Amino acid sequence: MGTPKLVSLNELPAGSLAIVFRIDGNPELKRKMLEMGLVPGTELLIQRKAPLNDPISVSFRGYELSLRVYEAESIQVRKIGFGGCDGNCKTCWGCH
């Protein structure tokens, strides 16, 4: 098998489950993301996205975090599934 397909966190729709693979970007932004707990191997759920995709709300380790698009672009993830939403819920605003 090859390397897993990685995408930026901001590319996934609400309801997606993913695992953080790495954080790119400038060292200050990378440190900030790591301090907030977005370390490689962390499983997260994209809860919802604002109408223009900014901010993006994700949940992991029992709490919810809002990220700006430029922050989400720096987080490389591997999609592992879908959180069970049928696209008609109020949590994700039916955005898939």
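Reader: Which residues does V77 touch, not counting residues up to four places away in sequence?

Author: K5, L6, V7, S8, L9, L12, A18, I19, V20 and F21 all touch V77. Contact here means heavy atoms within 4.5 Å. The model is predicted: local features need pLDDT of at least 70, side-chain atom pairs count only at pLDDT 80 or more, and totals for chains, interfaces and linings use all residues. Residues are numbered from 1 along each chain as its sequence is written, and side-chain values use heavy atoms, with hydrogens and water left out.

Reader: Is V77 buried or exposed?

Author: Buried, because its relative accessibility is 0%. The cut-offs: buried is under 20% relative accessible area, exposed is over 50%, partly exposed lies in between, with a 1.4 Å probe and protein chains only.

Reader: How far apart are V77 and L12?

Author: In sequence, 65 residues; in space, 9.4 Å from C-alpha to C-alpha.

Reader: And which strand holds V77?

Author: V77 sits in β6, residues 75–82. Helices (H or I, at least four residues) and strands (E, at least two) are DSSP runs, numbered from the N terminus.

Reader: What's the strand order in the sheet?

Author: β1-β6-β2-β3-β4-β5, six strands in an open sheet with antiparallel pairing. The edges are β1 (7–8) and β5, each pairing on one side only. Two strands pair if DSSP finds at least two bridges between them.

Reader: How many bridges join β4 to β5?

Author: Five, between β4 (residues 56–60) and β5 (residues 63–67), which run antiparallel. One of the partners: S57 bridges to S66 in β5. The two strands form a hairpin with two residues between them. R61, in that turn, has a positive phi of about 50 degrees.

Reader: Switching to rings. How many aromatic pairs does a search of the whole structure find?

Author: One. It is F60 with Y63: centres 4.8 Å apart, planes at 55 degrees, so the pair is tilted. Rings of Phe, Tyr and Trp (its six-membered ring) pair if their centres lie within 6.5 Å; planes under 30 degrees apart count as stacked, over 60 as edge-to-face and the rest as tilted.

Reader: How accessible is F60, and what about Y63?

Author: F60 is buried, at 3% relative accessibility. Y63 is partly exposed, at 35% relative accessible area.

Reader: What joins the side chains of Q47 and S59?

Author: A polar contact of 3.2 Å. That is a pair of N or O atoms within 3.5 Å; within protein, one must be able to donate a hydrogen and the other to accept it, and residues adjacent in sequence count only if both atoms are side-chain atoms. Q47 lies in β3, residues 43–49. Q47 is buried, with a relative accessible area of 18%.

Reader: Now helices. What caps the N-terminal end of α1?

Author: N26 does. A side-chain oxygen of N26 lies 3.1 Å from the backbone nitrogen of E28, and α1 covers residues 27–35. Just after α1, G37 takes a positive phi of about 100 degrees.

Reader: What's the average pLDDT, and where is it below 50?

Author: The protein chain averages 84, and 81% of the residues score at least 70. Residues 92–96 are below 50, yet that stretch has 17 contacts in the model beyond near neighbours in sequence. pLDDT is the predictor's confidence in each residue, from 0 to 100.
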